[in-house]
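Hello,

Here is the structure I promised to hand over. Please have a look at it first; my notes follow below.

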Amino acid sequence: ADTLGAAAAARGRYFGAAVAANRLGESQYVTVLNREFTSVTPENEMKWDATEPSRGSFSFGNADRIVNHARGRGMSIRGHALVWHSQLPGWVSGLSATDLRSAMNNHITTLMRRWQGQIHSWDVVNEAFEDGSSGARRNSVFQQRLGNGYIEEAFRTARAADPSAKLCYNDYNIEDANAAKTRAVYNMVRDFKQRGVPIDCVGLQSHFNAQSPVPANFQQTIAQFAALGVDVQITELDIEGSGQTQATNYRNAVNACLAVSRCTGITVWGIPDHYSWRASGTPLLFDGSYNKKPAYYAVLEAL
Ligand code: XIL
């Protein structure tokens, strides 16, 4: 195969990119998107601040643009992200516990029903754990007001809203099986599976750089999550660096996924370097002129 999407499909996986609605009018961007990728994740357009800027008042225009583009070309869609402490409009943090619970459930239900049957996987809860060695829940407004139970409540609400979507827990710095944060997420997923809380997948964001490189045990981490009975997806892959070093790191990350049958897809967090959220770096597969980088060829060969 001579594209990422076709090569991944031959291995039974999707290969996706984070997409920004305001780039869909750029012909080079769309050409590469349509040629190379079989899945999209709206980079910002489905987040709470974009979709419900004031309580009960929803706006779906930019998200619809991406959904329509993807559906018209047979690409699958990852919904991102329903419950997250970041890019959260100010009104949410001002609510009482009772109001926050109903606002959270209404937000989940409204978004999932909007695209019911059209979203392959939803990131139901994003980044709910602290960094560092504590393994604690992040001290978000959801955690403060609703306590530990908010995560499973979000998943139960999500299952009822669109039973056809796979429901994922998504986070970063959970790529190293030995890290406290990884163990904490692992324990939560194991507990959910034991108690019948509906969860189908774990998303490993996989934002790698010199401080946080592709861990040597990445494949083992993926396999451990998969052994709990969930799919695993690499959901926001980008790797700082350049040249053959970056290419090798990308190859290792892709191979880790391919080695685990329940690792069902890989999404890179952007298409050309100059549109990466890592504004100063070059962490993606295409350069600023949409040329294929060494990392691109390494991924294509690995697939
Ligand atoms: C980033 C986007 O790429 C930026 O455009 C935005 O300004 C901030 O959010 N973890 C996530 C993603 O789950 O939603 C984040 O995306 C990157 C980190």
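Thr 235 is buried, with a relative accessible area of 1%. Buried means under 20% relative accessible area, exposed means over 50%, and partly exposed is in between, with a 1.4 Å probe and protein chains only. The model is predicted: local features need pLDDT of at least 70, side-chain atom pairs count only at pLDDT 80 or more, and totals for chains, interfaces and linings use all residues. Residues are numbered from 1 along each chain as its sequence is written, and side-chain values use heavy atoms, with hydrogens and water left out.

Thr 235 lies in strand 8. Helices (H or I, at least four residues) and strands (E, at least two) are DSSP runs, numbered from the N terminus. The Thr 235 side chain makes a polar contact with the side chain of Asn 170, at 2.7 Å. A polar contact is a pair of N or O atoms within 3.5 Å; within protein, one must be able to donate a hydrogen and the other to accept it, and residues adjacent in sequence count only if both atoms are side-chain atoms. Leaving aside residues up to four places away in sequence, Thr 235 touches Arg 78, Asn 170, Gly 203, Leu 204, Gln 205, Thr 267 and Trp 269. Contact means heavy atoms within 4.5 Å.

**Glu 236**

Where does UniProt place the feature "active site"? The unreviewed entry puts it at Glu 236. UniProt positions are given in the numbering used here, feature names are shortened, and annotations may be inferred rather than shown by experiment. Glu 236 is found in strand 8, residues 231–239. Glu 236 is buried too, at 5% relative accessible area. Its side chain makes a polar contact with the side chain of His 207 (2.7 Å). Not counting residues up to four places away in sequence, the residues that Glu 236 touches include His 80, Asn 170, Ser 206 and Trp 269.

**Backbone points to check**

His 80 and Ala 81 are joined by a cis peptide bond, with omega about -5°. Ala 81 sits in strand 3, residues 76–83.

Ser 206 is not a glycine, yet has a positive phi of about 70°. Ser 206 is in the loop between strand 6 (201–204) and strand 7 (207–208). Ser 206 counts as buried, at 0% relative accessibility.

Glu 127 also has a positive phi, about 55°, although it is not a glycine. Its loop runs between strand 4 (121–126) and helix 7 (141–146). Glu 127 is buried at 10% relative accessible area.

**Met 46**

Met 46 lies in the loop between strand 2 (39–42) and helix 3 (48–51). At 0% relative accessibility, Met 46 is buried. Beyond residues up to four places away in sequence, Met 46 touches His 80 and Ala 81, among others.

**Helices 6 and 8**

How do helix 6 (residues 97–114) and helix 8 (residues 150–161) pack? Their angle is about 35°, and their axes are 9 Å apart. Axes are lines fitted to C-alpha atoms, for helices over the stretch in contact, and angles run from 0 to 180 degrees between N-to-C directions. Residues at this contact include Met 104 and Ile 108 in helix 6, and Ala 154 and Ala 158 in helix 8. By class, the contact has 8 nonpolar, 3 polar and 3 charged residues. Ala, Val, Leu, Ile, Met, Phe, Trp, Tyr, Cys and Pro count as nonpolar, Asp, Glu, Lys and Arg as charged, and the others, Gly among them, as polar.

Best wishes
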